[in-house]
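The following note collects points for a colleague's reading of the structure.

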Amino acid sequence: MTRVLVVEDDPQLVRALVINLQARRYGVDAAPDGATALRLAVAHRPDVVLLDLGLPDMDGVDLIRALRGRTRVPVLVLSARQASDEKVAALDAGADDYVTKPFSMDELLARLRAAVRRTGDVPPAPEPPVVETETFTIDLGAKKAVRDGRDVRLTPTEWHLLEILVTRPGRLVTQKQLLQEVWGVSRSDKSNYLRVYMAQLRRKLETDPSHPRHLITEPGMGYRFED
């Protein structure tokens, strides 16, 4: 079954899309904002994303960039924005198609089918790597963490945060980047989220959480993974 992630904050439009898609045997998840969309994209791995640009917590163009940082899933923009520069911005960020509201449901479904077909023609991405340290191993493909031979249970948020860091080894990832990608916010007053979750990750993965060797804090700037 083809799975569709609908990212839209208008309940009436969401209901119409869900009814029409489910009637045609699509599986559907709905997200009212960018943060929920990112979580669902990681957890459910949709085959296509229908995305409104006017979200309550972040601009849709920023969400497209965040999605493109982790997946090649087709993104179809649904937006009332008709200016050519806004269309170009969305397409340059990684959107595959742009449908202007109001739209015909038949046209939208035809574009959705075309996007899914194009995905089938693309060679599969290489297998995600396995990241190894002396004490723990992260299998990005299986979404599995092992420490000293035992599986480590991570929450979806912990996994999302860890995945961002280990796929950029040795590079500083700023607090703003992490907040935007994991929670859909970039305000510095939410940095306590990062402190709490990084402390949890260190307790689960580091030999000495108070003196971490792999999940490093760069004070006032962000975090870095060292293997």
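1. Strand S8 (residues 144–147) pairs with S9 in the antiparallel sense, over 3 bridges. Within this pairing, Val146 has Asp151 in S9 as its bridge partner. The model under discussion is a predicted one, and the points below should be read accordingly.

2. The two strands belong to an open sheet of 4 strands, ordered S6-S7-S8-S9, with antiparallel pairing. Its edges are strand S6 (130–132) and strand S9 (150–152), each of which pairs on one side only. On average, neighbouring strands of the sheet are turned by 25 degrees against each other, direction being ignored. In general terms, the strands of a sheet pair through backbone hydrogen bonds, in either a parallel or an antiparallel manner.

3. Which helices pack on this sheet, touching S7, S8 and S9 or lying across S6, S7 and S8? Helix H6 lies across S6, strand S7 (136–139) and S8, and runs at about 95 degrees to S7. Helix H8 packs on the sheet as well, where it touches S7, S8 and S9; the direction of H8 makes about 50 degrees with that of S8.

4. Helices H6 (residues 156–166) and H8 (residues 191–205) also pack with one another, at an angle of about 85 degrees and with their axes 10 Å apart. Because an angle of 65 to 115 degrees counts as roughly perpendicular, H6 is classed as roughly perpendicular to H8. From H6, the residues in contact are Thr157, Glu158, Leu161, Leu162 and Leu165. From H8, they are Leu194, Tyr197, Met198, Gln200, Leu201, Lys204 and Leu205. Sorted by class, the contact of H6 with H8 has 8 nonpolar, 2 polar and 2 charged residues.

5. The buried residues in H2 are Gly34, Ala35, Thr36, Ala37, Leu38, Leu40, Ala41 and Val42. They pack against S1, S2, H3, H6 and helix H7 (175–183).

6. Helix H3 (residues 60–68), one of the elements against which the buried residues of H2 pack, contains Gly60. Is Gly60 buried or exposed? Gly60 has 0% relative accessibility and therefore counts as buried, the cut-off for that class being under 20%. Apart from neighbours within four places in sequence, Gly60 is in contact with Leu51, Asp52, Leu53 and Leu55. The C-alpha atoms of Gly60 and Leu78 are separated by 10.0 Å, the two residues being 18 apart along the chain.

7. An α-helix has 3.6 residues a turn, so residues three or four places apart point the same way. Both partners are partly exposed: Arg65 has 47% relative accessibility, and Asp62 has a relative accessible area of 32%.

8. Asp96 counts as partly exposed at 37% relative accessibility, and Arg68 is partly exposed with a relative accessible area of 25%. Elsewhere, salt bridges that share partners join Glu8, Asp52 and Lys101 into one network.

9. How many salt bridges does a search of the whole structure find? The search finds 17. One of them is formed by the side chains of Arg3 and Asp29, at 2.8 Å from N to O. These residues are 26 apart and link distant parts of the chain, with Arg3 in strand S1 (residues 3–7) and Asp29 in strand S2 (residues 27–31). The two ends fall into separate accessibility classes: Arg3 is partly exposed at 26% relative accessibility, whereas Asp29 counts as buried at 14%.

Notes
Residues numbered from 1 in each chain as written. Predicted model: local features only at pLDDT ≥ 70, side-chain atom pairs only at ≥ 80, totals over all residues. Heavy atoms only, no water. Axes fitted to C-alpha atoms, helices over the stretch in contact; angles between N-to-C directions. Parallel < 35°, antiparallel > 145°, perpendicular 65-115°, else oblique. Contact = heavy atoms within 4.5 Å. Nonpolar A, V, L, I, M, F, W, Y, C, P; charged D, E, K, R; others polar. Buried < 20%, exposed > 50% of the residue type's maximum accessible area, 1.4 Å probe, protein only. Salt bridge = Lys/Arg side-chain N within 4 Å of Asp/Glu carboxyl O. Pairing = 2+ DSSP bridges.
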